[in-house]
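Here is a short report on one protein model. Keep the sequence beside you as you read, and find each residue as it is named.

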Amino acid sequence: MSRFLSRTVANLQNYLRERGVTFSGSRKDDLFRLCINAELLNIEIDPDGFSENSASIITSKLTTVDGCVLRSPQHLAGTANMLVLPELSIFDIYKYLLSYEEFIHASLIEYHKLEGYCIFKNEYVKQLETVPFNIHGKYTC
């Protein structure tokens with residue numbers, strides 16, 4: 001605790017900033033108390049994740065089990081031309097959804113109550129785009 005007494009205001013502010021503690025407009029004695037409390041609470045440096053390398057985090061999330069790194073969705077060029085989609089019927093969608101445990105025949109009969117349908121019906125979906133992604137049943141890296 002006494003180690004904060006000899007620090008400058010800028011140094012105390014930096015200590016708090018590194019830990020994500022708000023200190024706007026605080027005097028030195030307030031900063032001193034905040035630093036002591038941050039130390040007592042054992043607040044780690046950068047608890048909110050703002051200074052981590054976001055590129056490496058995104059890459060790790062886009063890496064598949066077999067080590068393939070998928071392209072970031074932010075860098076994919078989409079098109080509103082739905083003619084590039086293969087022919088699809090309601091039965092194809094039904095069969096696909098049944099492959100997931102949370103969808104059963106009874107819930108699909110009342111599809112108008114499903115979250116995705118409600119989002120579309122309530123006009124949250126403004127534009128649909130497709131991105132060529134699947135080649136011969138495998139994803140491209």
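**The largest pocket**

Start with the lining of the largest pocket: I90, F91, I93, Y94, L97, F103, L108, Y111, L114, E115, G116 and Y117. Two elements, α4 (90–98) and α6 (115–121), each give two or more residues to this lining. Which element gives the largest share? Helix α4 does, with five residues. By class, the lining has 10 nonpolar residues, one polar and one charged. The volume of the largest pocket is about 350 Å³.

**The whole chain**

Now step back. The model is predicted. The protein has six helices and two strands. What order do they follow along the sequence? The pattern is α-α-α-α-α-α-β-β.

The protein has 141 residues, and 14% of them are buried. Buried here means a relative accessible area under 20%. Contacts also tell us how the chain folds back on itself. Take the contacts between residues at least 6 apart in sequence. Of these, 45% join residues at least 24 apart.

Look next at the start of the chain. Helix α1 covers residues 9–18, and helix α2 covers residues 28–40. The two pack at an angle of about 35 degrees. Their axes lie 10 Å apart. Is the crossing of α1 and α2 left-handed or right-handed? It is left-handed.

Which residues meet there? From α1 come V9, L12, Q13, Y15 and L16. From α2 come K28, L31, F32, L34, C35, A38 and E39. By class, this contact has nine nonpolar residues, one polar and two charged. Lys and Glu count as charged, so K28 and E39 are the two charged residues of the contact.

Leaving out residues up to four places away in sequence, V9 touches K28 and L31. V9 and L31 are 22 residues apart along the chain, yet their C-alpha atoms are separated by 7.5 Å. V9 is partly exposed, because its relative accessibility of 34% falls between the limits of 20% and 50%.

**Loop residues**

G20 lies in the loop between α1 and α2. Its C-alpha atom is 8.8 Å from that of I43, a residue 23 places away in sequence. G20 counts as partly exposed, at 48% relative accessibility.

Most residues other than glycine have a negative phi. N42 has a positive phi, near 60 degrees, and is not a glycine. E123 also has a positive phi, about 65 degrees, and is not a glycine. Where are they? N42 is in the loop between α2 and α3 (54–61). E123 is in the loop between α6 and β1 (134–135).

The table sets out accessibility for the residues discussed above.

| Residue | Relative accessible area | Class |
|---|---|---|
| N42 | 63% | exposed |
| E123 | 54% | exposed |
| G20 | 48% | partly exposed |
| V9 | 34% | partly exposed |

Exposed means over 50%. N42, at 63%, is therefore exposed. E123, at 54%, is exposed as well.

Definitions and conventions
Residues numbered from 1 in each chain as written. Predicted model: local features only at pLDDT ≥ 70, side-chain atom pairs only at ≥ 80, totals over all residues. Heavy atoms only, no water. Axes fitted to C-alpha atoms, helices over the stretch in contact; angles between N-to-C directions. Helix = DSSP H or I, 4+ residues; strand = E, 2+ residues; numbered from the N terminus. Left-handed = near helix turned anticlockwise from the far one by under 90°. Contact = heavy atoms within 4.5 Å. 1 Å grid on protein atoms, 1.4 Å probe; cavity = no way out; pocket = protein on both sides within 12 Å on 5 of 7 lines; lining within 4 Å. Points joined across faces, edges and corners; volume = space filled by probe spheres on them. Buried < 20%, exposed > 50% of the residue type's maximum accessible area, 1.4 Å probe, protein only.
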